[in-house]
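Q: I would like to go through this model feature by feature. Please give the general idea where there is one, then the case at hand.

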Amino acid sequence: MAGSSTTVTQKWFATPLWKRIVLALILGVIVGAFWGEGAQSIRWIGDLFIRLIQMVVVPLIFITIVAGIVAMGDPQKLGSLGIKTLAIYMGTTLVAIIVGLTLAAIIQPGVGVDLSAATPGELQAPIPIGERMMSIVPTNPVAALAEGNVLAIIFFAVIFGMGILVVGKNAQPMADIMDAGAEVMLKLTHWVMEFAPFGVFALIAWVAGTQGVAALLDVVALAATVILALVFHTVVVHSSIMKFVLGLSPVKFFKGAKNAMLVAFSTSSSMATLPVTLTAAEENLGIRPAVASTVLPLGATINMDGSAIYVGVVSVFAAQVFGVDLSLIDYLLVAATTTMVSIGTAAVPGASVFLMAAVMGTIGLSPEQIAVVVGFVLPFDRPLDMLRTSVNITGDLSVATTVANWENEFDREVFDSTGKSRQRSEI
């Protein structure tokens, strides 16, 4: 009996993590569909998984960023990396919103839709860009760490890492501590990820049991438009970046990114997925720590391709529902506003739903109309939130791969092998 138990355990850990997560996703949908509301009783397992990930996020961000900057060996290189990173993130977000707006204009999901039965939702005003930019500089770095203020943590980590570089030899003990700390945090992340299949199973069962795919039936056209835009952006845009910009295999890129994409799908949070994203970047995609530890935490905060697509499509949907004719200028205004608003989108589940007011307001919708639209989309937001978070994470890894190539911080051998040997040794 004990022998058979040991054999099952060995087979479980010998199976690649992504296959275990996929199995958990499938079983979660099946169990949730049959169990219904009762699946709520196992949600705590998924919440525990998210808490475990959140536990390692803040120290992982700070320590790996500092270690990555120290590994650069040249403070000037950080400036080049930062400019390229921000430019590509903004560029891919703009492309994402153009894809969403184009498909929404062609498919016209809002034509003929009646929102008279929708219950108005509560709106959260978007954070002004100026206020968000000012909050990047922490008045108390320790408080920023305690509160999980990611932009402030990134800013302080960058300054701290540059300080170690400038001080040089006398700061070597601190550099060694950060380097060792990064290794420890990645090991902790591996341990946490062993719990991922169970957490994913519980989360998916809860979603399928309490909301289910049936929630999408009321808004098939809108949901189909969003999903089509998300799939197009993920497959066509990022494959094109890999193939035509970098000369890399898109298939190998997606294979290397699959663990992070699956966890993002289950948690609906870019920030909660960050530890997995960092691991996938370094071990599967060949992105060296100097780039991975700086580009990815920033991406989890400001790169919201999926959210930008969603907000843009819903805004055009709302205009079509209320009979607002959009000109080319209106579409350009929506694109520009959505690109900026996506920077202010919190990397947590469902946040983009409550940040649509700024975008919809630019095309002349009243607060009452916006509230009705938000109330209409909320019931089916969770399934789409899972998809757009996966798109966000894919964008993070695509940009990181691009920057790593341009900064000569890319290991082609690891990318071509998709990290299989290292992944198995860890699992």
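Q: Where is Ile 26 placed?
A: This is a predicted model, and in it Ile 26 sits in helix α2, which covers residues 17-35.

Q: Is Ile 26 buried, exposed or partly exposed?
A: Buried means under 20% relative accessible area and exposed means over 50%, with partly exposed in between. Ile 26 has a relative accessible area of 47%, so Ile 26 is partly exposed.

Q: Which residues form a nonpolar patch on the surface?
A: Ile 26 is one of them; the others are Leu 23, Leu 27, Ile 30 and Phe 34. Together these residues have about 520 Å² of accessible area.

Q: How do I read a salt bridge, and how many are there in the whole structure?
A: Side chains of opposite charge can pair when their charged atoms come close. A search of the whole structure gives 6 salt bridges. One of the pairs is Glu 194 with Arg 20, at 2.9 Å from N to O.

Q: Are Glu 194 and Arg 20 buried or exposed?
A: Glu 194 has a relative accessible area of 19% and is buried. Arg 20 is also buried, with a value of 2%.

Q: What does Lys 84 pair with?
A: Lys 84 forms a salt bridge with Glu 407, and their closest N and O atoms are 2.9 Å apart. Glu 407 belongs to the loop between α18 and α19 and Lys 84 to helix α4, so this pair ties together parts that are 323 residues apart in sequence. Glu 407 counts as buried at 7% relative accessibility, whereas Lys 84 counts as partly exposed at 26%.

Q: Where do Arg 412 and Asp 416 lie?
A: Both are in helix α19, 4 residues apart, which is about one turn of the helix. Salt bridges that share partners join Arg 412, Asp 416 and Lys 252 into one network. Between Arg 412 and Asp 416, the closest N and O atoms are 3.2 Å apart. Arg 412 is partly exposed at 41% relative accessibility, and Asp 416 is partly exposed at 33%.

Q: How do I read the packing of two helices, and at what angle do α11 and α12 cross?
A: Two packed helices are described by the angle between their axes and the distance between the axes. Here the axes of α11 (residues 250-267) and α12 (residues 270-283) come within 8 Å and cross at roughly 175°. Angles over 145 degrees count as roughly antiparallel, and α11 and α12 are therefore roughly antiparallel to each other. On the α11 side the contact is made by Gly 256, Asn 259, Ala 260, Val 263, Ala 264 and Thr 267; on the α12 side, by Ala 272, Thr 273, Val 276, Thr 277 and Ala 280.

Q: What is the phi of Gln 108, and where is Gln 108?
A: Its phi is near 55°, a positive value in a residue other than glycine. Gln 108 is in the loop between α4 (75-107) and α5 (129-134), and counts as partly exposed at 42% relative accessibility.

Q: What about the phi of Asn 408?
A: Asn 408 is not a glycine, yet has a positive phi of about 55°. Asn 408 is in the loop between α18 (381-406) and α19 (412-417). At 66% relative accessibility, Asn 408 counts as exposed.

Key:
Residues numbered from 1 in each chain as written. Predicted model: local features only at pLDDT ≥ 70, side-chain atom pairs only at ≥ 80, totals over all residues. Heavy atoms only, no water. Patch = residues over 30% accessible without salt bridge, like charges linked within 9 Å, V, L, I, M, F, W, Y side chains within 5 Å. Areas by Shrake-Rupley, 256 points an atom, 1.4 Å probe, with all protein chains shown as cover. Salt bridge = Lys/Arg side-chain N within 4 Å of Asp/Glu carboxyl O. Buried < 20%, exposed > 50% of the residue type's maximum accessible area, 1.4 Å probe, protein only. Axes fitted to C-alpha atoms, helices over the stretch in contact; angles between N-to-C directions. Parallel < 35°, antiparallel > 145°, perpendicular 65-115°, else oblique. Contact = heavy atoms within 4.5 Å.
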